Amino acid sequence: MDQRVVPQATGEHTDVRRRIPRTDAVLRDPRLVQAARRLGTGAVKAAVREAQDRARDGVIAPEAVADTAVAALPATAGGLRPVLNATGVLLHTNLGRAPLSAAARHAVREAAGPTDVELDLRTGVRARRGRTALAALAGRVPSAAAVHVVNNGAAALVLAATALAAGKEIVIGRGEMVEIGDGFRLPDLLVSTGARLREVGTTNRTTAADYAAAVGPDTAFVLKVHPSNFRVTGFTRTAGTGELAALGVPVVVDIGSGLLAPHPRLPAEPDATSQLRAGASLVTASGDKLLGGPQCGLLLGEERLVRALARHPLARALRVDKLTLAALEATLTGPETPTAAALAADPAVLAHRAVRLAAALRADGIDVRAVAGSATVGGGGAPGVTLPSAALSLPERYAAALRTGPVPVVGRLEAGRCLLDLRAVPPEDDDRLARAVRSAAKR
Ligand SMILES: *Cc1c(COP(=O)(O)O)cnc(C)c1O
């Protein structure tokens, strides 16, 4: 009920207010009846009330209330909206890191109902949770004797530290005591498990001898952490996994980005296979970075260690849900991921797309030009690597209009222009991007 007092309403104003349809009448509109089934009545009623308010304020005609409410309905009952990532950062943490492949999205939908995640349908007997996804992961990394999956990379580290090092020492190089992002500091996380950190070396130089001098009866494992979001250059030195493997204690390597094998475009980025071959006992990684899958944490390595982690009581608190398992398996076995495609995109093709889009938009009177640009991997992967790219350059005011449009587009600001970088935009989204720019030009 509208409690506002309208002082000295004019005759015309009162008349408009009387013509505003009642909520229950609007809700009988078949489009809104159907929407209520999809979105719940709360969202539909909120859209109707908003439209009635706009009619009361004279922004729309009273007859337009139903149409306005229908147009304002959210696409889904979930609060998260799909956006186009035109930032030029392939794995943007604020945009949910890796976009799932069509195969992974389909697998998630199929697994949404009751599913055989922990049941063998042939025998009718309980089976290992997520066994097919784990088999797919093991299949992609034959160097790993065993694998396990938890909720994210941080959970993988917590589980390793808790199960293997509580009350003992983790030996770690001073140059690898990193903050991953948003205040998440890896040393704090490790210490929170009850493990003690034994720091060795200096910020810029740490040798195998430094580690050797620190390893003793209290050592649970040596931890190597990939500095995934910065680079130290100049007078630097780190000890290789192979050298550390000779120390006689387990070597755990947090590679971060989840590359399973070397990537030709990212020669400096560590991968699980190479680390295991070099002698790592356990590798931890994220699923939603360069692997291009759902948020999860991968643990790959020696049977004895992985089994100890999987059987630890904490593993139950960190276990992944069926939707993650479905998406992970489809990522591992399915076609090229959007992340891999974006990494591999040919700069000439990107430039061609930018020129074509700019020409079409300029024909509509929009101040836009195609420019060369450079994209980055982001999301804790391949620091310092730039990927040649192409972008649409628009006046700065477009940034806000694009973000708040019907199909939100997130670009980046550079030298007073709004750049829409195409490297992380799949080519099939070019038309949506053009529509979003046209819509932003009108607002
Ligand atoms: C990203 C990252 C993490 C954290 O992984 P999440 O999946 O975000 O929890 C840990 N270590 C390294 C080296 C990383 O790059």
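Let's start with helix α17, whose buried residues are Leu-350, Ala-354, Leu-357, Ala-358 and Leu-361. Buried here means that 20 or more other C-beta atoms, placed from the backbone, lie within 10 Å of a residue's own, while exposed means 12 or fewer and partly exposed lies in between. Seen down the axis of α17, these buried residues fall within an arc of 100°, so they line one face of the helix; the arc is that of the directions from the helix axis to the C-beta atoms. On the other side of α17, Ala-348, Val-349 and Ala-359 are exposed.

Please keep in mind that this is a predicted model, where local features need pLDDT of at least 70, side-chain atom pairs count only at pLDDT 80 or more, and totals for chains, interfaces and linings use all residues. Residues are numbered from 1 along each chain as its sequence is written.

What do the buried residues of α17 pack against? Their partners are β13 (369-376), β14 (386-395) and α19 (430-441), with contact meaning C-beta atoms, placed from the backbone, within 7 Å. Helices (H or I, at least four residues) and strands (E, at least two) are DSSP runs, numbered from the N terminus.

Next, look at strand β4 (residues 146-150), which is mostly covered, with 4 of its 5 residues buried. β4 pairs with strand β12 (residues 297-301) in the antiparallel sense over 5 bridges; pairing requires at least two bridges found by DSSP. Along this pairing, Ala-146 has Gly-301 of β12 as its bridge partner.

Definitions and conventions:
Two residues are in contact if their C-beta atoms, placed from the backbone, lie within 7 Å.
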